[in-house]
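Here is a short briefing on charged side-chain pairs. Look at the structure first, then read on.

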Amino acid sequence: YVVDGGLGLVPVGVVGELYVAGVGLARGYVGRAGLTAERFVADPFGGVGERMYRTGDLVRWDARGRLVFVGRVDDQVKVRGFRIELGEVEGVVAAHPSVGQVAVVVREDRPGDRRLVAYVVPGEGGCDVGVVREFVRGRLPEFMVPGVWVVVDGLPVTVNGKLDRRALPVPEGGSGSGYIAPRDGAEDLLCRLFAAVLGVERVGVEDGFFDLGGHSLLATRLVSRVRSELGVELQVGAVFEAPTVAGLARRVAGGAGQSGRERPELVRCDRRPERLPLSFAQGRLWFLYRLEGRSATYNIPLVVRLSGEVDGEALGWALRDVVGRHESLRTLFTEVDGVACQRVLSVEEADRRWPGLGAATVGGRAGAERAVAEVVQRAFALEEELPLRAVMVRESASESVCTLVLVVHHIAADGWSLGPLWRDVAGAYAARREGRVPGWQPLPVQYADYTLWQRQALGAADTPGSVLAGQLDYWRTHLAGIPEQLPLPTDRPRPPVASHRGRWTAFEIGPETHGKLAALARAADASVFMVLQTAVAALLTRLGAGTDVPIGSPVAGRPDEALDDVVGFFVNTLVLRADTSGDPSFRTLLERVRDTALAAYAHQELPFEQLVEALNPERTLARHPLFQASLALQTAWDQDFALPGTTATVEWPEARTAKFDLAFMVNARPDHGGTHTGLDGVLEYAVDLFDRETAERLADRFSRMLDEAVARPDAPISRIDILDAAERHRTLVAWNDTGRPDLPRLSFGALFEDRVRTSPEALAVECGALRLSYAELDARANQLAHHLAQRGIGPESRVALAFGRSVDMVVGALAVLKTGAAYVPVDPAYPAERIAFVLADSAVSAVVTRSAFAESLPSAAVSTVVADTPETMSDIRRQPTTSPAVSVPLTAAAYVIYTSGSTGRPKGVVVTHSGIAGLATAQVERFALDPSARILQLASPSFDASVMEFLMACASGGALVIPERSGVLAGEELAEVIRRRGITHALISPTVLAGMPTTELPSLRTLLVGGEACGPELVGRWAPGRRMVNAYGPTEATVWATAGALEAGREVRAGGALTIGVPAIDAQVYVLDAWLRPLPTGVAGELYLAGAGLARGYLGRPGLTAGRFVANPFAGPRSASGEGGGARLYRTGDLCRWRSDGSLEYVGRVDDQVKVRGF
């Protein structure tokens, strides 16, 4: 059978792995059971129990039903992103009559330099490698043609007669055939273009572009030069498919890559229209300018600190010369009949309008920095002000030091423009110092010429057959379904209108890592930029941004050499969409990024503005369209910024603006002699969304991601650790250090009895006129416990308590606990169907209720104790008032509470005594409880909040106050109960709290909220004047696992989700990703709980228990709950994130489970 990787049969002619079946199969390998199982596998095409053998050979069927051998599975390699079967290449080479033997291998003699090498043993008549190469090239794609050819006398073999690949000699250099000169004019021109783009002295026709140091961005540059010199439209991918001069020359000669549409030449336009249109790029900036008003967001600064004597007058004249030379610097913008236009001023008018070089004198370096910031952050009025500002800042204490500040608006320039701008300033300054005008050659074209050419050459996106129409089709398909908004780990919710206020934080990548990044890029025939993009995508995925990560990236947008020295806004923005799904390795993700980037480069001329208009994403002023994170890599200018007679340092003032949520901006330091000198970067962030500490952590994580990626490029991105040791310790250990070794380990019943001994006469429970002290409550519970014990109730029994909110319910719960059994609360108000299910599913041994509810309960085949009948009451009163002599271990079940199930079937959560003591102590400490506390019993007995309410009273010696009226209490009625009964502590769900009138409740000292998310508005209404606590926790964690105080001012200012606090005593909490790896501060992940309070599981539901209660990978030899190596985590399904202060913030749900009024 010839099958693919999924053991599916492949069609005729398609290469697959050969599997052999039949009676001739061996039994296996002697004493090698594992190897046998790996190579002899089940035969999906045969009968039951039949096997097939995996040969590891690659073959294909031909049309006549014969098998053709292609190579070995382990001989399949990847070079420049292409999968290559070495056997197939060897077969073609061996087919040439002058070849006796051949071996083709991939060598990486230099890190990152993977080359296909052919070792050829000549036949009897000798072998001309050049002839053989051309023979192979005519039969295989260019990427499969070996780049290096080595002629050998014979191939080395092992003792078994097989090829010894390790003994093959190292190629001496080049292609194996030495320098081959160009053979015609096209090859000669291409050799010169290769050399110019790559910065090398000489290139032969068989030298590979990537072997000489090329990468994707240089390939883009080469394509542009080919277009300019030869008039042929090549795609960037052509350089990857035909990377030699000879191969590319054949593409050019054959017209491959021709666009099918002759582009007009870019020349100076002598006759311009009366209304000069904006370029496509300028159009979007003008739209934003009119929409948002004047802003420094799009200011581009160039700040040069000069040491030495500067001739201010000569510099002023030089700047005027430069304004005259570049039309873009003397252009105003206006609208005529609603259409934006450029108005290019004459040199004379510009000279009159432009204020010239400004001057400021300040006192010291700090004053200079403030003055520079003021110049940089001042907005332009584009309708009336030329888009260039120049100010000389002098420091009074040092006459020989000054700072020249040039600021140009983005509508008139881009980052590339700063290079020619400064060259012209320096040249003009040198001339003016000598008393002459600069002797420039006129620019071949101006920006206005480009604007007109752009519309003519590219056409309109809605014109069939135009360049833009074709590119728009590509982008429509490629960006279909793109996320409207990238979910980033922000500190605050996104405001309705972005302020574009920004800051930045710097980071640095050292020379060693830089070199490894370059090697990794070379190995994948990618660029360092692509490696950086891969790291950004992987990092954002790990930080919760999902697996579809669009990243914006600028491209130079200068399609013709005539534009190289023109100051103007040429840059375009590409949306590079990274697919991180499937947890790929970093190397695999780099290959995906590379392929996407190459396709994008081939369609880079569609203006971003038109792309946005065509895709029409949701219109909002809150975020940037199509992407919210960007990446830019620039090579630092290898030029001297000094003016004659000075030394200079380029400074990069913080513009304090942000175009995007996050912008990674990286500069490669000047590279001398091919060395990798490191990268300098800044992360620009929107202050609307991020705090400085968060941005600094993001920059640190980016650097760590790069270090990890070059160290382990084949590791899945989920395995790349983005936490440093300190943060890992903080989130896993320090913030979970909740153990209390001195805490008495008491069962629920023992805890209550301890309170009875301490405060026997204190009021324990009150309902209307009925008031019981702790001693009286204990006596009643003991008598009922003895009565139940006589009926066979004991440890691990389950007893249903069918009461509403009442003293009877409290007595019943304590009585069952004293017998060692677990109580199952059943609210008589629930539908009969649910009650019947709970009684049947819990397999209770008895039901305790009152006569008012007994008749409405479904009939059950268990003992029913109707506690208020004369006979039962008489028997209970005869029982001892002392506690039953029952030992209750902490691991015993205390109660079973039924919660909603995702399938509609309720599930019983079995909660043990292990977490009760810790919960009781935590409540006293966190909720400011004392013996004067009067706690409202508001929750239904079927809700575990009722446990929390009773434990508050029991642990503090306070009183549990039960409303006389059963059923739901809300609104004014609830407020009146709190007022009239002097309630000091109440647990109220946010939904109920929102419906209460904001009235004076002087007795209410502590207000607890929980069960569902609480909004800042409620905190603002109810927190002032009292303690307000947000308690979080599922039933599976013994009522609550975390709690945090809510402060009106702080929470409302934060504007986001409210804190759910810090872990309770003996509780641990973990925010984890999909691979159970801890997430950094600020990053949303699923919340997992651990500790003594974890429930035993779901009653009678082992599968569901196993799915939600999983092994705890962070537990030590013994956990807080004493579980040791068997410690567990509970998967809550809630999304949370850590705050920097060690508290948690609730974000939402992983699944569709919801909570309504706390249920």
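Is Glu 696 buried, partly exposed or exposed? Glu 696 is partly exposed, with a relative accessible area of 33%. The model is predicted. Across the whole structure, a search finds 62 salt bridges. Side chains of opposite charge can pair when their charged atoms come close.

**A pair within one helix**
- Glu 696 meets Arg 692 in a salt bridge, at 3.8 Å from N to O.
- Both residues sit in helix H19 (residues 692-711), 4 residues apart, which means a separation of about one helical turn.
- Arg 692 is partly exposed, at 29% relative accessibility.

- Asp 565 and Arg 423 form a salt bridge, and their closest N and O atoms are 3.1 Å apart.
- Asp 565 counts as partly exposed, with 40% relative accessibility.
- Arg 423 is also partly exposed, and its relative accessible area is 41%.

**A further pair**
- The side chains of Arg 343 and Glu 349 form a salt bridge, with an N to O distance of 2.9 Å.
- Arg 343 has 38% relative accessibility, so this residue counts as partly exposed.

Notes: Residues are numbered from 1 along each chain as its sequence is written. This is a predicted model: local features need pLDDT of at least 70, side-chain atom pairs count only at pLDDT 80 or more; totals for chains, interfaces and linings use all residues. Side-chain values use heavy atoms; hydrogens and water are left out. A salt bridge is a side-chain nitrogen of Lys or Arg within 4 Å of a carboxyl oxygen of Asp or Glu. Buried means under 20% relative accessible area, exposed over 50%, partly exposed in between (1.4 Å probe, protein chains only). Helices (H or I, at least four residues) and strands (E, at least two) are DSSP runs, numbered from the N terminus.
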